[in-house]
Amino acid sequence: MSSSFFIKTKEKAKVAKKGNNAAGPKRKGDSGGKSKVQAKKPNSKYNEEISSDSEPESPVVSKKRQSGEEHEYDETPQEKKLRLAKLYLEQLKEEEEKKAEEDSFETDLIAGRLQEEVLEQKGKLQRLIAKDLIPPDTSEIRLLRGHKLPVTCVVISSDDKCIFSAAKDCSIIKWDVASGKKLHTIPGGRKGTEDRHVGHTAHILCMAISSDGKYLATGDMNKLIMIWEAETCKHLYKFTGHKGPVSGLSFRKGTHDLYSASHDRSVKVWNVDENAYVETLFGHQDAITGLDSLSRERCVTAGGRDGTVRVWKITEESQLVFHGHQGSIDCIQLINEEHMISGADDGSVSLWSVNKKKPLSTVKKAHGCHGDTELEQPHWVASVAALQNSDTVASGSHNSQVQLWKCGQNYLLAISPVSGFVNSLKFSSSGQFLVAGVGQEHRLGRWWRLKEAKNGIYVIPLKRKSPMPVFCKLKL
């Protein structure tokens, strides 16, 4: 009895212990059975935390399914967006680098131009062109005829497309450089028709064109200055005030301020935009024969028989006086703001600096002499021209030659045959050609008459060995 009781009691205890182990929590070290209870996972849609710095995790899939999807699709939409975004950023970076290079090039170009402008303002910029010039071929020189009497003055538009010429026949002609044809003619009037004729009725001695090509100014023996619209040759204004023939005109570069010189020994300043007179300057002791200006508020004049060259400082109302020629100074031209060239009837051509009272260099009898041995006289220098900011200048006389010179060395570069009195010379802005206004008589008188000469303008091409000029500071 007792033994059977203990056996049953022991079996009941084992059953109870087995039940407690199945229902209770699994302790550390307990070995799990076949049936395991798993905790329910929270909903990932609401409880999963996603970092903005990384790509969202793709859902967990089996290796077999994942390998199949990778084989079927190259990239996920998120990866594609990321790739396109990186590509776009690379393109932006390349464009920024390219733009930076262009800006740097443009900045260097602007800086170079500004430096050239500063040197130009100081009169220290020089284009070394003379050494590369080739003597003009006679067969390439063109003669444009249209004036009945000697041509006295010529100007060229800043774009080198048009030439304006005036003559003792009181007419003005606008020419096309490329074709050599007349674009417009302003006929001259007879003496006594001033009241009804629109234009000049006396010999035209000088002319000037504004740097923007808007205005054309002409001056005559009747003491008049006329302003024209350069594009259409329409008459705009008439300036009166000089008491003698108007012998020199020049527009200040970049403005519509006009300087005029006269045989009445005065220099006048005009504002063409306002159709107004500004002021008068006095100083010369004889008739003024030539005038020129650039961008500074100053001009230079040749004083004829008083033997002086003067630099007029308009704002300061002062003047600088220079002596050098032995005869009448008949023409003058600025090379840059600090240097100028002049010619006289003693046959000399002189190079000047505004910082010295005497010429830097002078070529005497520049165009040779004429007459018998005992009565030999130099050919008068009737006109000079300068290629701005360069080392090249030109002079003209009545020895049937236009001569090109290299500044500072008195070196004759080339001779161009032109028959007659070379009364006016002008270089084109590009330096590709030179225009000469030629006539049978001197522009200021009738001391000689060359019957074999032809009244007209010569277009002389200037060719160079190298296409690009070299820039440097002017050294004389």
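# A quick tour of the contacts in this model

Let's start on the outside: Tyr88, Leu89 and Leu92 make up a nonpolar surface patch, and together they have about 300 Å² of accessible area. Keep in mind that you're looking at a predicted model. From that patch we'll move on to a histidine, then to charged pairs, and finally to aromatic rings.

**The surface patch**

- Leu92, one of the patch residues, sits in helix H4, which covers residues 77-122.
- With a relative accessible area of 32%, Leu92 is partly exposed.

**A histidine and its neighbours**

- Look for His367 in the loop that runs between strand E23 (361-363) and strand E24 (369-370).
- His367 counts as buried, because its relative accessibility is 3% and the cut-off for buried is under 20%.
- Its side chain makes a polar contact with the side chain of Ser395, at 2.8 Å.
- Leaving aside residues up to four places away in sequence, His367 touches several others, among them Gly347, His379, Val381 and Asn399.
- Gln401 and Gln403 are also included in that set of contacts, and so is Ser395.

**Salt bridges**

- Side chains of opposite charge can pair when their charged atoms come close.
- This structure holds nine salt bridges.
- One of them joins Lys168 and Glu441, with the closest N and O atoms 3.1 Å apart.
- That pair links distant parts of the chain, since Lys168 and Glu441 are 273 residues apart.
- Lys168 is in the loop between strand E5 (162-167) and strand E6 (172-176), while Glu441 is in the loop between strand E31 (433-439) and strand E32 (456-461).
- Are these two partners buried or exposed? Lys168 is buried, at a relative accessible area of 4%, and Glu441 counts as buried too, at 5%.
- Glu441 also meets Arg449 in a salt bridge (3.0 Å, N to O), and Arg449 is partly exposed, with a relative accessible area of 46%.
- Elsewhere, the side chains of Arg252 and Asp257 form a salt bridge at 3.8 Å, N to O.
- In that pair, Arg252 is buried at 18% relative accessible area, whereas Asp257 is partly exposed at 22%; the line between the two classes is drawn at 20%.

**Aromatic rings**

- How many aromatic pairs turn up in the whole structure? A search finds seven.
- Phe239 and Trp270 are a stacked pair, because their ring centres are 4.7 Å apart and their planes are at 5°.
- Phe239 belongs to strand E11 (residues 234-239) and Trp270 to strand E14 (residues 266-271), so to speak two distant parts of the chain, 31 residues apart.
- Phe239 is buried at 3% relative accessibility, and Trp270 is buried at 3% as well.
- Trp380 and Trp448 pair up edge-to-face, because their ring centres are 4.9 Å apart and their planes are at 70°.
- Trp380 lies in the loop between strand E25 (377-378) and strand E26 (383-386), and Trp448 lies in the loop between E31 and E32, so this pair ties together parts 68 residues apart in sequence.
- Trp380 counts as buried, at 18% relative accessibility, but Trp448 counts as partly exposed, at 30%.
- Finally, Phe239 and Trp270 belong to a cluster, in which ring pairs link them with Tyr237 and Tyr277.

Methods
Residues numbered from 1 in each chain as written. Predicted model: local features only at pLDDT ≥ 70, side-chain atom pairs only at ≥ 80, totals over all residues. Heavy atoms only, no water. Patch = residues over 30% accessible without salt bridge, like charges linked within 9 Å, V, L, I, M, F, W, Y side chains within 5 Å. Areas by Shrake-Rupley, 256 points an atom, 1.4 Å probe, with all protein chains shown as cover. Salt bridge = Lys/Arg side-chain N within 4 Å of Asp/Glu carboxyl O. Helix = DSSP H or I, 4+ residues; strand = E, 2+ residues; numbered from the N terminus. Buried < 20%, exposed > 50% of the residue type's maximum accessible area, 1.4 Å probe, protein only. Polar contact = N/O pair within 3.5 Å; in protein donor to acceptor, adjacent residues only side chain to side chain. Contact = heavy atoms within 4.5 Å. Phe/Tyr/Trp six-rings, centres within 6.5 Å; stacked < 30°, edge-to-face > 60°.
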